[in-house]
There are 2 protein chains.
Amino acid sequence: MEKNLKRMATMQRMQSTGLELFYQQGYYNTSIDDILKKLSLSKGAFYYHFQSKEDFFISIVQNLLFQKVYSMLVEPIEGQEDPLNVISKSIEDALETAEHNTMDFGFVLSNFITEFNGKNPEIMKYLMDIMKVWEVNLITTLQKGKTDGYVDRHVDSEAVATYVISSYIGVRTLMVEGNSRMLRYKYIQQLKNYFKLISQKAVA
Amino acid sequence: MEKNLKRMATMQRMQSTGLELFYQQGYYNTSIDDILKKLSLSKGAFYYHFQSKEDFFISIVQNLLFQKVYSMLVEPIEGQEDPLNVISKSIEDALETAEHNTMDFGFVLSNFITEFNGKNPEIMKYLMDIMKVWEVNLITTLQKGKTDGYVDRHVDSEAVATYVISSYIGVRTLMVEGNSRMLRYKYIQQLKNYFKLISQKAVA
DNA sequence: CCAATTACCAACTGATTGGTCGGTTTATTT
DNA sequence: AAATAAACCGACCAATCAGTTGGTAATTGG
């Protein structure tokens, strides 16, 4: 059993560093040697644990990326009351993470989607699946918000989810270059405005 | 003078095909040979006209991409009355272009921004400059809309511009994978909802 | 303690890349 | 038509890449 531990430890070191470099430099622009250099490991070690670069990346997506997106954007929302507030809170948190140069994984995900679009359908499938999990959870939460009296019954939950995800991905793309603090501020301000629009109208 | 015409004709053929392939496959994933093969031209011809791959790309950005973004997203808005309607119209047009698999250049731009982020600061600068032109124009148009009585005086024009650009870039990213028709529909619906929020309140 | 398995090393291969260069073809000038 | 210059050709180079292979060091079970 000890051997399995060592195996998994090495694999996770590779995956963790791999995700970091793939995110920073892009998948196609990151060589396996780049990753191995950072870990002082050799080609042999890599191909002992993984079949190919693609196989390696898919394992990162399924093991690391999925969990991170889930714990950052899905879990904080799931089953909570007052959906509009928890949603905007989770997005605020993600953008704050982004500002501290740490990886915010919603953006990591959308970055990879952009990179693999039209190039690798299989990987795209894995990435879109994660996106779908987020979307479905947003929709469910919004629907529940309707029955709980937090969200206006007339709003189209799917459309709102689309709009929220879109704007988040977009603002993150803009934030890569300078003044991300101001961008974040203005974005959140408008998101909250928009949320006022779809929140349960108080009866006069 | 005839020689100059031939020179420019060849250069433009290269740039046009280059933009197409760079957009489809990404810059780093597209070899110069790919482009030359499609044009039945040789390496010698390429390096006769351009100094390097990077130089070539920058010339595409400045000559082609800038013009396209400008004519698609800036010109239709500039100086028009009823800014919220012309803005949503221009975005609707862009998304319809996208659905017919034609390049919509706002997205081409944001794609390149994603690809070059953290890799090539010089190219990033050129790309962000174009983005800035769009943003500034949106802000100016919104401000004018205030004085003309179309836009609520209390809205933060810069924040609205940020929000509009973000959501557009984001929804385009999502549209790469299937059901773009439904996405577009839901997105436009919410954009118009949002615009209602910031339009001049009719006095009761 | 020893054999077997696991984990890793590092030189190598073949393909691809951006870029160079000496030469040829095509067009223009005189 | 000869001379000159512009436009283009394609073999070549050095670097880089994913992946292979034959070996070695470390760990573990008997």
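The legends below describe close-up views of a predicted model.

**View 1. The contact between chain A and chain B.**
Chain A and chain B each bring 39 residues to the contact. On chain A, the side that touches chain B draws at least two residues from each of α1 (2-25), α6 (105-116), α7 (121-147), α8 (157-175) and α9 (180-198). With 14 residues, α8(A) gives the most to this side. Sorted by class, the side of chain A that touches chain B holds 17 nonpolar, 17 polar and five charged residues.

**View 2. The relation between the two copies.**

**View 3. The largest nonpolar core and Val164(A).**
The largest nonpolar core has 100 residues. The members that touch the most other members are Leu65(A), Leu109(A), Val164(A), Leu65(B), Leu109(B) and Val164(B). Leaving out residues up to four places away in sequence, Val164(A) touches Ile87(A) and Leu138(A).

**View 4. Asn101(A), a loop residue with positive phi.**
Asn101(A) sits in the loop between α5 (83-99) and α6 of chain A. Its phi is positive, about 65°, although Asn101(A) is not a glycine. Most residues other than glycine have a negative phi. Asn101(A) is exposed because 8 other C-beta atoms lie within 10 Å, and a residue with 12 or fewer counts as exposed.

**View 5. Asp82(B), in a loop of chain B.**
The loop between α4 (53-74) and α5 (83-99) of chain B contains Asp82(B). Asp82(B), a residue other than glycine, has a positive phi near 50°. Asp82(B) counts as partly exposed because it has 13 C-beta neighbours inside 10 Å.

**View 6. Glu135(B) in helix α7 of chain B.**
Glu135(B) belongs to helix α7 (residues 121-147) of chain B. Apart from neighbours within four places in sequence, Glu135(B) is in contact with Ala161(B) and Ile165(B). Glu135(B) has 17 C-beta neighbours inside 10 Å and so counts as partly exposed; a residue is buried at 20 or more. Glu115(B) is 20 residues from Glu135(B) along the chain, and the C-alpha atoms of the two are separated by 21 Å.

Note on methods
Residues are numbered from 1 along each chain as its sequence is written. Chains are lettered from A and ligands numbered from 1 in the order in which they are written. This is a predicted model: local features need pLDDT of at least 70, side-chain atom pairs count only at pLDDT 80 or more; totals for chains, interfaces and linings use all residues. Two residues are in contact if their C-beta atoms, placed from the backbone, lie within 7 Å. Helices (H or I, at least four residues) and strands (E, at least two) are DSSP runs, numbered from the N terminus. Ala, Val, Leu, Ile, Met, Phe, Trp, Tyr, Cys and Pro count as nonpolar, Asp, Glu, Lys and Arg as charged, and the others, Gly among them, as polar. A nonpolar core is a set of buried Ala, Val, Leu, Ile, Met, Phe, Trp, Tyr and Cys residues joined through C-beta atoms within 7 Å.
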